[in-house]
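Please keep the structure at hand while reading.

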Amino acid sequence: MMKFRFRRQGADPQREKLKQELFAFNKTVEHGFPNQPSALAFDPELRIMAIGTRSGAVKIYGAPGVEFTGLHRDAATVTQMHFLTGQGRLLSLLDDSSLHLWEIVHHNGCAHLEEALSFQLPSRPGFDGASAPLSLTRVTVVLLVAAGDIAALGTEGSSVFFLDVTTLTLLEGQTLAPGEVLRSVPDDYRCGKALGPVESLQGHLRDPTKILIGYSRGLLVIWNQASQCVDHIFLGNQLESLCWGRDSSTVVSSHSDGSYAVWSVDAGSFPTLQPTVATTPYGPFPCKAINKILWRNCESGGHFIIFSGGMPRASYGDRHCVSVLRAETLVTLDFTSRIIDFFTVHSTRPEDEFDDPQALAVLLEEELVVLDLQTPGWPAVPAPYLAPLHSSAITCSAHVASVPAKLWARIVSAGEQQSPQPVSSALSWPITGGRNLAQEPSQRGLLLTGHEDGTVRFWDASGVALRPLYKLSTAGLFQTDCEHADSLAQAAEDDWPPFRKVGCFDPYSDDPRLGVQKVALCKYTAQMVVAGTAGQVLVLELSDVPVEQAVSVAIIDLLQDREGFTWKGHERLSPRTGPLPWPAGFQPRVLVQCLPPAAVTAVTLHTEWSLVAFGTSHGFGLFDYQRKSPVLARCTLHPNDSLAMEGPLSRVKSLKKSLRQSFRRIRKSRVSGKKRAANASSKLQEANAQLAEQACPHDVEMTPVQRRIEPRSADDSLSGVVRCLYFADTFLRDGAHHGPTMWAGTNSGSVFAYALEVPAAAVGGEKRPEQAVEAVLGKEVQLMHRAPVVAIAVLDGRGRPLPEPYEASRDLAQAPDMQGGHAVLIASEEQFKVFTLPKVSAKTKFKLTAHEGCRVRKVALATFASVACEDYAETCLACLTNLGDVHVFSVPGLRPQVHYSCIRKEDISGIASCVFTRHGQGFYLISPSEFERFSLSARNITEPLCSLDINWPRDATQASYRIRESPKLSQANGTPSILLAPQSLDGSPDPAHSMGPGPQVQRVLRVLVGADDLLPVDTPEPPEAALSPMSIDSATSADTTLDTTGDVTVEDVKDFLGKARTIPTSTCPARSWSAGSLAPAWPLNIEPRLLTCRLHWDLLSCPA
């Protein structure tokens, strides 16, 4: 039968305008702990902290909500970072020896992080020839001296170079070569050996002209930069790090043999051969190197010595420790991940005599730990952000929007009781720089994460800072084989070293069966359900007081005594018997154990009916947790579902059967393809090709040709997996009577609908009567292609989704329309389909796989509010595909609205972890420790809006143009937009640039540069620039003509170039402009081949 393709009407302009008011895609903020941190810096004046990562990301944190993110162009590791104190500028060093200067500048009242300058050190001798300066080898250490306008660079070749920070240019004639230092050391010390790499550079606290230089061989030198001579020399062992004392009369060095030494600078002998104090804290046996050491004195007497490493090599060489020593008190902080760096928060004002450290911040590979050094015992300070989401691996997540204030307060109270602060502790979070300009969120949002160790963590996801609120642990209900681990961890008082476990990162689970697979929370009754890997389903309720009670256990056999099936997977967890103590918070009421104990794949909770439904790879069940009795158990296994009996932890996978099924699919697709090719007519193909080549009018669009979808085999493995469960009060038996129903969708495209007989609660009562609930199968639907059912939702007479339990009865949401006909939306991996109820006849559908060639992974119904009209909103279907694209469809018409590229299709874990919110936002994991937050709504956006008070020195100069990253796209894992931004000395847009080129010439510049997002700052950025930045390739293609720039004449360009005639002869406008020029610099990548707009090259030549 011949198939025709009909033309349909094009887009309605009014609808397109409404779409722009409803939908907008933005990646807004990254929650959690930066993945693979590699560097740390702290500005004691502005109270901000920077973390660099191996992927080249730079993240700056201040007070909660104050965050700045930047990304180096090259994905190189950030090895060091240094703040220019009080200036809001940061110098970063990458492992390719390139230096980058970052600045926090203000645009439109908000601050953003921008890269101002970069400098790549040459890796070979000289710049152009033999007369060039000394060879620059790999940079090992950086020091900012003289109020931050000069940087000293120590290298592997023992040389120290000096750099002008404001311009990132080398200062000629000031290089300190190793030969100059060797002339000042004794003859017997030279003995033909090199000094080794420069290990440490430390600035004198009172005299900026003096620099303490430490070489790997053990030589310490105080170099006077003003007089270009050596002031003092110390001869020590192989060096690791250095530190000045507060009064600059002492120097502390740490060494590779696990020792540290204190040297007196005032000693008369030159050179100093022996230190004042030399000790090996964890000797006498061989110890590992002390990588870094800090010396801080106190007004109350004594001093702090803080160092990392130095542990006995044989016994504790694998430990990650930071030792804190004061007087006779020594604490060995034992961490579970590698130490990156640490710093102390202390007084840095020159007029203060003492450091008086307040806090110690330790950056680890997997978390950040801050200790209060003013409180006895040095307790940890709770972090308001940067909490390690992956303290145990995340296994599932869920979002709860618009949490009532009462429930929020109860959860916060339960969390505070879990980790009470010492009464004597007066220190709050010490990193408090900047101001959060974002408005207080109108509603509270909870992000729930389930973890491998059986815990569920509650996070405040209302704003930019993801704050931990409460942790629920389910492991206490079960008997595991690892109870002895706690006794082993407890060290006796006389043990040496005095270890103290610090931090919450614990990647090792006691039992993999404890892993949380699904979580559901009712925000109106404070009841929740937690389902796990071994078929355990826990129903919990929030309590404000600790109790001691027993937990009821019910067992439901989902196989229903089917013969021929033998479970080969793990055993179920054994619950503890008798009354158990439960702290304040969510406390278990009922434990439902599924048999076989397979991982729970779907769960849903209806607190108004006191019912919980759950599904596994074998079937689904319904449980009445008020009467603590099972209601329904249904097996969904196919007779050939042998893989479902092996479980996720079994190693006995049927490889032979999997290969056989794969070959069957390939053979079937080949046969069907040959048949289609043989039946096709060549004339029909020619006719279709001619029709496709015909030009279509602009007001119509062609219906896309659908792909042919092969139906799936009925005996596919794991076809009985339950993918979704849903409760609804709707019409199932007839069109006149509605009632409670339960819907279940499976991996084989089957949908089961049950009519429930739930006793009605009394008027004004909360609980229903103690009568049994009955379930009767009402409908059974089999999708044609047997695609897995991802989600089910019932729509009322107005086409809106039904409210949550208690929303309508408590007047918290509009009551559903029960007069018109209801419909059920069934979303499978291949298509969305709306069926009328109660007849279950197809009403409308959209074949996503046939149209787009992708499969559905996640779906959710979300409300999108308009930015133009506060009262207007639409409920739409948001969908994430296996290609990482997000599509939005209207409901119930299923018309495509917008689609965006969100996640890389190779990022399988990111796609699997995605969760949508009810108001058009979403979260997905970009690393094991970070959630990326994105928004599909034009109105509901959560992004950092903050400012920072910066005091720049008066003689500081900025580059007139810098590479600026778009705030919306400057994520560490995103693709930043680039534009040239003129800046004034205070960081604000330069008003002088209002006299810059007109729009005509600016369009010429865009063509020359090759991208439309290269704009001056004073040019307003179009709103769609963040959504679809122009491809650079498209703008620099060979067929770019004058038509792309508008009506630009030669006179326009001459007038524009005439404003810059004040440039010196030696300066080329294709490279830079003079400091006083008002016109923007030409892009650095202009080439003659790009000048295809018929402008003469001599117009762009250097002015005489």
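Predicted model: local features only at pLDDT ≥ 70, side-chain atom pairs only at ≥ 80, totals over all residues.

Residues are numbered from 1 along each chain as its sequence is written, and side-chain values use heavy atoms, leaving out hydrogens and water.

**Helix α1**
- Helix α1 spans residues 13-22; helices (H or I, at least four residues) and strands (E, at least two) are DSSP runs, numbered from the N terminus.
- Leu-18, Lys-19, Glu-21 and Leu-22 are buried in α1, meaning under 20% relative accessible area, with exposed over 50% and partly exposed in between (1.4 Å probe, protein chains only).
- These residues cover an arc of only 160° around the axis, so they sit on the same side of α1; the arc is that of the directions from the helix axis to the C-beta atoms.
- Pro-13, Lys-17 and Gln-20 are exposed, on the face turned away from the buried side of α1.
- The cover over the buried residues includes β2 (23-32), β58 (856-865), β59 (873-881), β61 (896-901) and β64 (930-937), where contact means heavy atoms within 4.5 Å.

**Cis peptide bonds**
- Leu-595 and Pro-596 are joined by a cis bond, omega about -5°. Pro-596 is in the loop between β44 (585-595) and β45 (602-606).
- Val-891 to Pro-892 is also cis, with omega near 5°. Pro-892 is in the loop between β60 (885-890) and β61.

- Ser-97 has a phi of about 65°. Ser-97 lies in the loop between β8 (89-94) and β9 (98-107), and is buried at 7% relative accessibility.
- Lys-628 has a phi of about 55°. Lys-628 is in the loop between β47 (619-624) and β48 (629-635), and is partly exposed at 42%.
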